[in-house]
Every structure is written in C-alpha cells, then in structure tokens.
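Dear colleague,

I am passing on the structure below, and I would be grateful if you could look through it before reading my notes.

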Amino acid sequence: MSQHATNATLLNQAADYAYDYLTTVDERPVFPMRDALADLAKFDEPIPDAPCDPAAVLRRLHKHGSPATVAQGGGRYFGFVNGGVLPVALAARWLADAWDQNAGLFVMSPIASKLEQVCERWLVDLLGLPAGTVAGFVSGTSTATMCGMAAGRNALLARQGWDVAEQGLFGAPPIKVVTSEAAHGTVWKGLGVLGIGRSQTLRIPADAQGRLDPAFLPNLDANTLVVLQAGNVNSGAFDPFGEVCERARAAGAWVHVDGAFGLWAAACSETRHLTSGIARADSWSVDGHKTLNTPYDSGVVLCADRHALAGAMTADGAYIQFSDQRDGMRFTPEMSRRARGVEMWALLKSLGRSGVDSLIARLCANARLFADELRGHDFRVLNDVVFNQVVIACENESETERTLTQIQRDGVCWVGGSRWQNEGVIRVSVCSWRTTEEDVRRSARAFADARETVRGV
Ligand SMILES: *Cc1c(COP(=O)(O)O)cnc(C)c1O
C-alpha cells in the first residue's frame, strides 16, 4: 500500500467520523451515559503484540471513544470555563496537524514563525496592550501565568543585581508577592513551582464579587510582584486594575494579570470597561481555548518587556540555530511545540475585530439571559453577571447540592459546583459559540425540573 493511499483513506475515515460526531453532538447526552462509560473497559487490554489495521484502530476510537466524550461541542455545556471550537479553527488545526510543524525555531517552520508573529501583533492590538509586547504561545494559562510570574520575579531580582538563571534562588534577596485571596489555583501552583511558597505570599481580601479590595494592599515597592485577575473563575469579576497598576508602577513593582478567559473582555466594546487600566500591567496570560473558542492547547503569555520574558525562558545548545526571524522557543518553556499559532491566526483572520467583539458580547448576553431565566424559576443568582459567569443557589445548600447532582444526571446540560462566599453553589459558564438562546432556556428548565425531582414534586 502506498503511503499516499494510507493517508487519503485514513484522513477521509477520520473526517467522516468527525463529521458524524459534530452533526450529532447536540443530541448526545451532555455527559456520557452509563453504557458508554462501561464500554471504556474495552480499552483495557495488554499492549498488542503485533501491528493491526490502522482503519480498525480509528473505527474502535469512534465506536467506543466518541460516545464516552463530554459533548462540549454542543450548545449546552456550561462546566468549568471550557470553550467550544469554531469550525474554522478546527479545520485549520487539521491542516496544521497534517503539516506536523515544530514551532520552536524559524528554521524548523517558517510558516509557524510567521503566524505567531502576526498573532502577536493582532493580540496586542485587540487587547489594547502596549506596543512591543511579546507573546509566547504555550499550552494554556497555567503555563502562561507561570512564565509571566517568572519574568517578573527575574526582572525584580535583576534590579537588585541578582541573576536568577545564573545564580538560582538560594540566597537571593527576598521579593514580596501580593495577590488576592480569590486568585486562581494555578497562580498558587505557579508560585510554588517558581520557588515562592504560599506562606511567602500576601493574600489580600476580596470583596463580595471576588475582586481584590485595594484598601488592604500593603505598601508596594520595587521588590513586589503583584498578581491580579481578569475574570474570577466563579463570578467572572475583574480586579481594579487602574488603581492597583498605578500604585504598582509608581513603586516599580511588577504586575501580572491572570486573564485566562476574562482578558478577552478588552476585545469587546461592551465589556472593555471591565479591563480599564490593564495595559499598565507588565505581563498577562490568556487562553485561546476558552472564550475565543480555539481548540485546546492554546494559551498565550504576553509581556511588555520582551527581554524580561526571553531572559526567563533562555535556552541554548550548540545545535540550536536561532535566526533573525521570530524563534518561538525564546518565549516559551518548551522547545518542540506544535504550531498553535495556526488555529489562533485562522480564527482571528476569519472573525476579524468585529467578529471577536460579537462572539464575546453574545456569550455575555447568554449569561445574562441564563441568570434572568433562573431568577424566573426562583433560583438565587449570587453574583453580578458582568461577563460570562453565573453563580446559582437553591433555597438551601443541601437542595443546591442535590439539584446539581440531578442536573448532571439528567444530561440535558452540564454545570459544575463550587463554593462561593462560604456556600456550596452551582456555577454556570457560558463559553461556547454554539450556545443559542434556546439552549439557555432549555437548560434553565432542566435546572427547574431537576429541583422538582429533588423536592419530590
Ligand atoms: C482556566 C483558568 C486558568 C488555567 O488555565 P488553563 O488553560 O486551564 O491552564 C487560570 N486562571 C483562570 C482564571 C482560569 O479560568
């Protein structure tokens, strides 16, 4: 069999399955049913002794794999903050995967290098960041935040004459880290990885919406790393960037903004005010795979000081061939890396400024509709719905918990739980382009039905 024939047959087979999947995803239970989960046991086998037909491998994947997926590609998945995938981004990814490029260096992929360069410029423009801001294309915001904080840590210490890459952290002058008590778990994780423990980090109280309360900020100085948040993971609230960034800048402190899903507010005329002052921070992290609806594995670290990020990510080797073009690995922890910029480029090129604006506006409008519908069904909405997140509670905590379990069991939509102001809650994230108003109404009715089941009505 020629290599060409194998490729054509297998890619067409995969395309057929993908098409079959995407055209039925809206009718699937949003979380797999018991039979599909039980069938996962079919994957439990010893490593095969001999090769088998690749077509049979794909067939197995579709037969027992597709039914055991979470139907995130449909319109009624509201769990975590997981976006959908816009068709143009998915299709571009297929092509990019066929290219199989290594985006580490220009000499390994001129096209990946070019598209990263273009995306960097477009992102800086769309998000209103300072000219010259550099972007590193990483796997997600967990990594992006770590990179931004590493750049900040190193820059602060460099000003004190300490070279972290060279001298390490043992014996380094202390730096002060300040963040909100409502900071995302990945901030704490990143700080740990960076050698700055939780006990060395000052947690500032947050207000009733989950915004850092600047009244509790200590004196900032040139040894301080401040980590702010655009989009609280429960409420969607935004920290007061203007005030904090101004104080930080005056003091010579470094500000990193975790904007995993919320930084996109800056690309939408209706929500831009939420990010006012954000351009005065030093570094930012944002995901493509949430609000923007690119496929997974798409995070970006942005840093106003190109040299600070490149310095923190320095790697070298006799065989590495840097160029006078963009070499992506200068700005990421990884060396080998898939060409993530491809689908980001395709999406931004396809939507344009106004398309991104209306995508975000529609997610927010659907979140407000969700809140209104649920209020209409006598649920309590506990947050100001400023972006795409809604925090919901029933009459009491036990009813909330049992209703959540019942919603998940019913399979009409999927939402997760969380804790909010010391109360167990249901958390709704409207994050997919596929969600329609009808999806929202139907899901809100599923909430009411689940509560009736729980109440035994
Ligand atoms: C999702 C999220 C993260 C983590 O991003 P990943 O892309 O999952 O690594 C960090 N911060 C916030 C606010 C998030 O919503």
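Predicted model: local features only at pLDDT ≥ 70, side-chain atom pairs only at ≥ 80, totals over all residues.

Residues are numbered from 1 along each chain as its sequence is written, and side-chain values use heavy atoms, with hydrogens and water left out.

The protein chain contains 13 helices and 11 strands, which are DSSP runs numbered from the N terminus (helices are H or I with at least four residues, strands E with at least two). Its radius of gyration is 23 Å, which agrees with the value near 23 Å for a compact globule of 457 residues; this radius is taken over C-alpha atoms, and the globule rule is 2.2 Å times the number of residues to the power 0.38. Along the principal axes, the C-alpha trace spans about 65 × 65 × 45 Å. Of the 457 residues, 51% are buried, where buried means under 20% relative accessible area, exposed over 50%, and partly exposed in between (1.4 Å probe, protein chains only).

Helix 3 covers residues 54-65, and its 12 residues reach 15 Å from the first C-alpha to the last, close to the 16 Å expected at 1.5 Å a residue (1.5 Å times one less than the number of residues).

Asp35 lies in helix 2 (residues 34-39), and it counts as exposed because its relative accessibility is 63%. Although Asp35 and Ala68 are 33 residues apart in sequence, their C-alpha atoms are 9.0 Å apart in space.

Turning to the ligand, 13 residues surround it, and the closest are Ser142, Asp258, Asp287, His289 and Lys290; a residue is included if one of its heavy atoms lies within 4 Å. A polar side-chain atom of His289 lies 2.9 Å from a ligand oxygen, and a backbone N or O atom of Thr141 lies 3.0 Å from an oxygen atom of the ligand. Taken alone, the ligand exposes 380 Å², of which the protein buries 85% (Shrake-Rupley method, 1.4 Å probe).

Terms used. Polar contact = N/O pair within 3.5 Å; in protein donor to acceptor, adjacent residues only side chain to side chain.
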